[in-house]
Amino acid sequence: MDNKILFLIFLLFVIALLASFKNPTEYRCTDCNVILISIDSLRYDHLGINGYQKNTSPNIDNFARDSIFFPNYITQAYLTPISEASIHTSRYPSSNGFVSFTSMLDSQATKLEDVLRIYGYNNYAFVGSGNFYGDGTFVDQFSPSYKVYRFTSEKRGFPLNPNELKNFTKEKFFLWISIGNIHWPYGVPNAPQKYVDMFVDKNYSGPLKDIILDENFLPYIRDSIAHRRLNGTEFLSGYSLTNDDKKYIIDNYDSGIRYVDNYIGDLIQSIKENGLMNNTIIVIQSEHGEELGDHGRFTHGDIFENTIHTLLTIHNPVLKQKGTVLTQAQGLDIMPTILDMIGIPIPESVQGKSLTSVILDKTDVIHGKVNSDFNKYVFSERIPNPSQLHWILNITTENAIPIKTIYEILLKYNETDARNVLQDLKDISNDSYDEDLAVRTNEWKLIERPAYRIHILAQYKADSHSVDPDALTVNYSSLYQLYDLKNDPNEQKNLAGKKLPIENELIKVLREWRKMKESLKIQYVFNKTVFPNYTFT
Ligand SMILES: [Zn+2]
C-alpha cells in the first residue's frame with residue numbers, strides 16, 4: 001500500500017469516528033421557542049400508549065408517537081411543586097432545598113427560566129395546578145422570571161385558551177403551561193357530560209355517588225377502609241369499599257385524564273394552526289402519578305412506580321429521529337435537554353444530563369436496546385415534610401398516644417423544617433429517621449425506608465384504636481423493599497433479604513449517594529406556616 005491509500009484509510013477512519021459522535025446539527029434548533037406542559041397527577045399506566053385498555057389519551061398518544069417518547073421516565077419526588085422545582089433546576093429536592101409546599105430554593109440552584117431569560121427568551125407561565133398560585137412560596141420564587149405569570153381565572157378551568165397561542169408568533173418565547181384538572185377532586189365537574197359518561201358506570205348506586213372525591217375523602221382511605229378525619233367532616237367512617245366503589249373512583253379519575261387529553265389535543269391543534277410546530281420544542285411531562293389503591297392508599301404520598309413513573313414526551317422539529325427511548329430518563333434531565341437542543345450553555349449546577357445522546361442512539365430508538373450506562377441509577381426522594389406528615393397522620397383515633405406525640409412535634413415546628421421533626425422523633429425514640437429514598441435501574445428498584453416508623457404509625461388501621469407494637473419492631477423487610485420491575489411493575493412482591501446480588505449493589509449505591517448529598521450541606525428554609533391549629537380531645 002502506498003501512502004495515498006493509507007491516508008485514505010486513515011481519513012475514512014476519522015470520518016467514521018466523527019460520525020459516531022452526536023452531531024448537534026441533527027438536533028439543535030437555536031431559533032426554537034420552548035413550550036413545557038406539566039400535567040398534575042397523571043399516572044403512566046393509565047395512558048393508551050402505555051397499554052391502558054380504556055381510551056383515555058388519544059391525543060397524548062398521537063403526539064408521543066410523532067415525537068420522542070420516554071416510557072421509562074422517573075420524577076424526583078411525589079408532590080407537584082417539589083417535583084416541578086427539580087425539573088426547573090435540574091437538582092434533587094434535597095440539593096435545591098425545595099422539599100415542601102413552603103420551601104425556599106437554595107441560592108445555588110439556577111432555574112431554567114432564569115437562563116432562558118438571559119438568552120433573550122420571553123417567558124410566560126399559565127398555571128392551573130393549585131400549587132403554583134395563591135400564596136405559595138413556589139410562586140414567589142418562580143414568577144419573577146416571567147413576563148406574565150397568570151393563574152386560571154375560573155375554578156377547575158384550563159390555564160390558557162388554545163386560541164391565545166396566536167399571540168405567540170412574533171417573539172421568541174418560553175411558555176410553561178401547568179394543568180391541574182386530573183388532580184382531585186376526581187372527575188370533571190365543569191366538563192361536558194360526555195367525559196363523565198365515557199367511563200363512569202351510570203348504574204353505580206353505591207355510597208360514593210354523593211361524595212366529592214377530594215381531599216376530604218380520598219386521603220383517608222387505608223387498605224380499602226374509609227377513616228374518619230381528626231377535625232373534619234365524617235364520610236363513611238369505617239366503611240369498607242367494595243370493588244364497585246373502587247372502580248367508580250378510578251373511572252372518575254380516568255374521566256379527568258380524557259378531559260385533559262382533549263385539551264392537549266386542542267393545544268396541539270392551535271400550535272399547528274399558528275405555524276409553531278416547526279419552530280418550537282414541546283415537552284409534555286407529568287410531575288407525579290396516583291396510587292389508586294395499589295398499596296392501600298389513593299392519592300399520592302410515596303415513591304412507588306404508580307407515583308414517580310410518569311409521562312415524558314419531547315417534540316423537536318429539527319430531529320428526524322422519532323420513536324421510543326427505552327433507557328430511563330428523569331425529571332433532572334429536562335432542563336439540560338432543552339438547553340442543549342436550543343444551543344444554550346448548560347449551567348454547572350445541573351445534576352441531570354441532556355437526553356440528546358440517547359435520543360440519537362439508534363441501538364435504543366430503532367433496535368430497542370437499553371443503554372445501561374446512561375442514567376444507570378436514578379433516585380427519587382420521599383422527604384417527610386411537615387405538611388405531608390400532616391396529611392398522612394390526619395386520621396382520628398381515641399387512644400393513639402404516639403400519633404398525638406407526633407402531632408405535638410409537628411405543631412411545634414409549624415414554621416420550620418421536616419429535619420427538625422425527624423430529630424425530635426429520634427430524641428424520644430432513640431431511633432434514626434431520615435428520608436425514604438428509591439434508587440432505580442432500568443430493571444430493578446430498591447427503596448430504603450429510614451422513616452418507616454413514621455409511615456407505619458401513619459398507616460396503621462385506625463379502627464383498631466391502637467398502634468400495633470409488632471409493626472414498630474425493626475425488621476429488615478420494613479427497612480428495604482426490592483422490586484423486579486420487569487416481572488413485577490406494580491411492586492407487589494418485596495424481594496429484599498433474598499440475597500440477590502442486585503440488592504447489595506443498590507444499597508451501596510444509595511449509601512454513596514446519601515454521602516454525596518450530605519456533603520452539599522443544604523439547609524432547608526421555610527417561610528410560611530404549615531399547620532392549622534389542631535385541638536386534641
Ligand atoms: Zn400534584
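What follows is what I looked up, entry by entry.

**Ground rules.** I am working with a predicted model, where local features need pLDDT of at least 70, side-chain atom pairs count only at pLDDT 80 or more, and totals for chains, interfaces and linings use all residues. I number residues from 1 along each chain as its sequence is written.

**Confidence.** I checked pLDDT, the predictor's confidence in each residue, from 0 to 100. The chain average is 82, and 77% of the residues score at least 70. I marked residues 428-433, where pLDDT is below 50; this stretch has eleven contacts beyond near neighbours in sequence. I also marked residues 529-537, again with pLDDT below 50, and with 17 such contacts in the model. For contact I use C-beta atoms, placed from the backbone, that lie within 7 Å. A reminder to myself: where pLDDT is low, the predicted coordinates should not be read in detail.

**A helix pair.** I take helices (H or I, at least four residues) and strands (E, at least two) as DSSP runs, numbered from the N terminus. How do α2 and α8 pack? I find helix α2 (residues 58-65) and helix α8 (residues 243-273) at an angle of about 50°, with their axes 7 Å apart. The axes are lines fitted to C-alpha atoms, for helices over the stretch in contact, and angles run from 0 to 180 degrees between N-to-C directions. The two helices are therefore oblique to each other; under 35 degrees would be roughly parallel, over 145 roughly antiparallel, 65 to 115 roughly perpendicular, and the rest is oblique. On the α2 side I see Pro58, Asn59, Ile60 and Phe63, which meet Asp261, Asn262, Ile264, Gly265 and Ile268 of α8.

**Lys272.** This residue is also in helix α8. Is Lys272 buried or exposed? I count it as exposed, because 12 other C-beta atoms lie within 10 Å. The cut-offs, with C-beta atoms placed from the backbone, are 20 or more others within 10 Å for buried, 12 or fewer for exposed, and partly exposed in between.

Most residues other than glycine have a negative phi, and most peptide bonds are trans. I noted a cis peptide bond from Trp184 to Pro185, with omega near -5°. Pro185 sits in the loop between β6 (173-179) and α7 (193-197). Leu292, not a glycine, has a positive phi of about 50°; I place Leu292 in the loop between β9 (280-286) and α9 (305-308). Leu292 counts as buried because it has 22 C-beta neighbours inside 10 Å.

Definitions and conventions: Two residues are in contact if their C-beta atoms, placed from the backbone, lie within 7 Å.
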